[in-house]
Amino acid sequence: MTALLRYQAALLLRSQRWLPPVILYAAFLAIGVQSGQPVLDSLGYTAAALLPVAAWLVRICATNEPPAARSCTGAAAGPGRAHLACLLVAFSAAALLGAAAVLFVTVISAPKSTDHQTRIEAVPAAGAGLLVALVCALLGVAVGTLTNWPLLRSPGRAVPALLLGALLTLVLAGSPARAAVTSLVEGSQHATIPVPVLPLAAAALLTAAAIAVACALTTRRSP
Amino acid sequence: MGRELLLSLEGVGRRYGFRGPWILRGVDLAVAPGALIRVEGANGTGKSTLLRVLAGIDAPTEGRMSGRPRTAYVPERFPAALPFTAAEYLTHLGAVHGLDRPAAARAADDWLERFGAAEYARTPMAQLSKGSSQKVAVAQALLAEPELLVLDEAWSGLDADAREELERVVVERTAAGAGVVFVDHDPRRLTGVPDATYAVVEGGLNLRTSTGTSGDVGVGPAVVVEARGPSGAQVPDDVVKLAADVEETGGGSHRFSVAEAGSDALLRALLGARPPWHVVSVGPSWLGPGPAESPEPEATSERDAESAPGMTSELEVERS
């Protein structure tokens with residue numbers, strides 16, 4: 001598994017296809033986050049913007065290897081394990097990106113509640129921001145997993161499905177991502193730091209299920 | 001043979017989608033260690049799908065598949081669109097096949113050199129020609145000495161030297177106990193060597209030819225090897241399997257006829273036997289009726305009498 005992870009990570013890094021989503025994320029943050037704004041509000045925005053970026057990273061990893069090369073890897077390691085490695089690498093990339101963004105945003109934001117009256121400690125705020133970013137990274141990976149090979153093969157369907165899936169996951173009532181981001185925004189209004197454990201558990205379960213379905217389907221769909 | 005099968009398919013069917021047409025149906029196939037199996041069939045009959053099922057890349061829609069040996073697969077067309085040099089890609093794949101990284105890097109260089117692509121080891125894959133890419137695909141499959149080698153027109157695009165080398169490697173792998181299943185559009189590919197040839201017809205699998213040992217059927221260039229074993233030694237099993245014909249010439253000497261692709265493997269088996277055999281002479285020959293019309297050997301061994309008579313002829317070996 002280590003060899004597969006190294007191979008997939010090298011594929012992602014060397015392909016340089018990670019650059020567009022990272023630039024898009026930086027642009028999201030540049031537009032939505034300014035220094036001196038309340039920290040929890042900014043962290044909510046940072047986490048929410050990570051979700052489509054994580055989904056995009058999954059699409060990059062899932063389409064990075066040409067089908068013939070994927071067959072060679074699949075024969076050597078099992079197609080399910082090969083695809084699992086690819087999804088784990090996408091998740092790690094999204095989680096790293098999210099963690100870096102959370103730390104940066106925490107540093108430049110004002111440690112205050114929305115009305116700028118109450119002080120909010122930076123370190124617990126960053127912890128809450130990391131948890132919410134993790135929820136969004138997980139669900140972004142779930143969306144990307146369910147809207148790419150082996151479930152959807154043609155880009156004509158996969159890309160719109162991915163965009164729609166990412167949007168709905170952010171706005172639909174009952175979505176763990178929406179619950180987690182909302183808890184940050186409300187925490188900012190009430191000057192409390194939320195600990196979104198329930199959304200995190202739900203996101204982890206949903207993503208694990210999505211990954212299990214995709215890996216099981218790798219040997220059942222045409223290349 | 002008494003050895004356990006590497007892989008067996010029972011009543012295997014495969015179709016894509018819930019209502020797609022059946023591409024394979026009711027396929028039974030067993031791959032024993034050391035077996036060399038050729039699969040034939042017209043374009044679009046499901047040969048590639050069968051190979052993908054054997055390689056574990058496609059799961060059967062119905063039926064049972066048992067056994068999962070360490071497998072390597074070579075596709076017909078290998079894309080160059082990978083952001084690595086050939087050596088980097090092969091090192092990654094060697095590690096995926098289970099080698100540690102230094103061993104993978106060494107194996108990568110060795111196999112590239114064997115296929116005449118050593119000069120491309122540091123070339124980005126995107127700049128490789130089709131043939132050189134195919135050499136990388138072949139090398140990828142051989143890095144870690146797989147137990148099952150699945151070749152889907154692996155020879156296409158290779159130059160003549162590399163094609164011959166791949167034939168030799170295939171015989172070598174089977175001599176080492178690996179199973180090999182291949183598809184190739186060239187009917188002369190590995191002539192006389194496969195243990196069995198199957199044809200995919202309308203999704204089913206028909207046995208075309210089958211032999212107990214390699215090389216009893218077929219026509220093609222061959223090599224006659226004369227070797228002397230230690231006193232009282234039996235001919236090693238893998239040598240018997242490789243040879244198309246074994247003939248005892250007295251005084252502990254034997255004369256082996258072997259298809260040209262298998263001559264290296266046969267010599268290696270003789271010299272590597274414990275205790276090793278002494279090779280007295282090596283000469284060219286011809287299997288089956290062909291350009292080198294020569295008389296039947298006078299002394300036929302018991303084993304030769306069992307196999308189809310008249311299928312094997314050989315040149316007399318020059319002896320001093």
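Chain B is built from eight helices and 13 strands, where helices (H or I, at least four residues) and strands (E, at least two) are DSSP runs numbered from the N terminus. This is a predicted model, in which local features need pLDDT of at least 70 and side-chain atom pairs count only at pLDDT 80 or more, whereas totals for chains, interfaces and linings use all residues. Residues are numbered from 1 along each chain as its sequence is written, chains are lettered from A and ligands numbered from 1 in the order in which they are written, and side-chain values use heavy atoms, with hydrogens and water left out.

The model carries an ipTM of 0.90 and a pTM of 0.82. For chain B the average pLDDT, the predictor's confidence in each residue from 0 to 100, is 83, and 86% of the residues score at least 70. The pLDDT stays under 50 over residues 212-217 of chain B, a stretch with 23 contacts beyond four places in sequence in the model, a contact meaning heavy atoms within 4.5 Å. Over residues 292-320 of chain B the pLDDT is likewise below 50, and this stretch has 50 contacts beyond near neighbours in sequence. Where pLDDT is low, the predicted coordinates should not be read in detail.

Of the 320 residues of chain B, 56% count as buried, that is, under 20% relative accessible area, with exposed meaning over 50% and partly exposed in between (1.4 Å probe, protein chains only). Among the contacts in chain B with a separation of 6 or more, 71% are between residues 24 or more positions apart.

Five of the five residues of β7(B) are buried, so the strand is largely enclosed by the rest of the structure. B:Gly179, B:Val181 and B:Val183 point one way from β7(B), B:Val180 and B:Phe182 point the other way, and all are buried. Strands pair if DSSP finds at least two bridges between them, and β7(B) runs parallel to strand β3 (residues 36-40) of chain B, to which three bridges join it. Strand β6 (residues 148-152) of chain B also pairs with β7(B) in the parallel sense, over five bridges. B:Phe182 in β7(B) stands opposite B:Arg38 and is also the bridge partner of B:Leu151.

B:Ala35, in the loop between β2 (22-31) and β3 of chain B, is buried with a relative accessible area of 10%. Leaving aside neighbours within four places in sequence, B:Ala35 is in contact with B:Thr174, B:Ala178, B:Gly179, B:Val180 and B:Asp195. B:Asp195 itself lies in the loop between β7 (179-183) and β8 (196-201) of chain B and is buried, also with a relative accessible area of 10%. The side chain of B:Asp195 reaches the backbone nitrogen of B:Leu36 at 2.7 Å.

Turning to the cysteines, a search of the whole structure finds zero disulfides over all chains, a disulfide being a pair of cysteine sulfur atoms within 2.5 Å. The closest cysteine sulfur to that of A:Cys86 is in A:Cys61, 5.2 Å away and therefore too far for a bond. A:Cys86 counts as buried at 3% relative accessibility. A:Cys136 is in no disulfide either, the nearest cysteine sulfur, that of A:Cys61, being 19 Å away, and A:Cys136 is buried with a relative accessible area of 0%.

Conventions:
A polar contact is a pair of N or O atoms within 3.5 Å; within protein, one must be able to donate a hydrogen and the other to accept it, and residues adjacent in sequence count only if both atoms are side-chain atoms.
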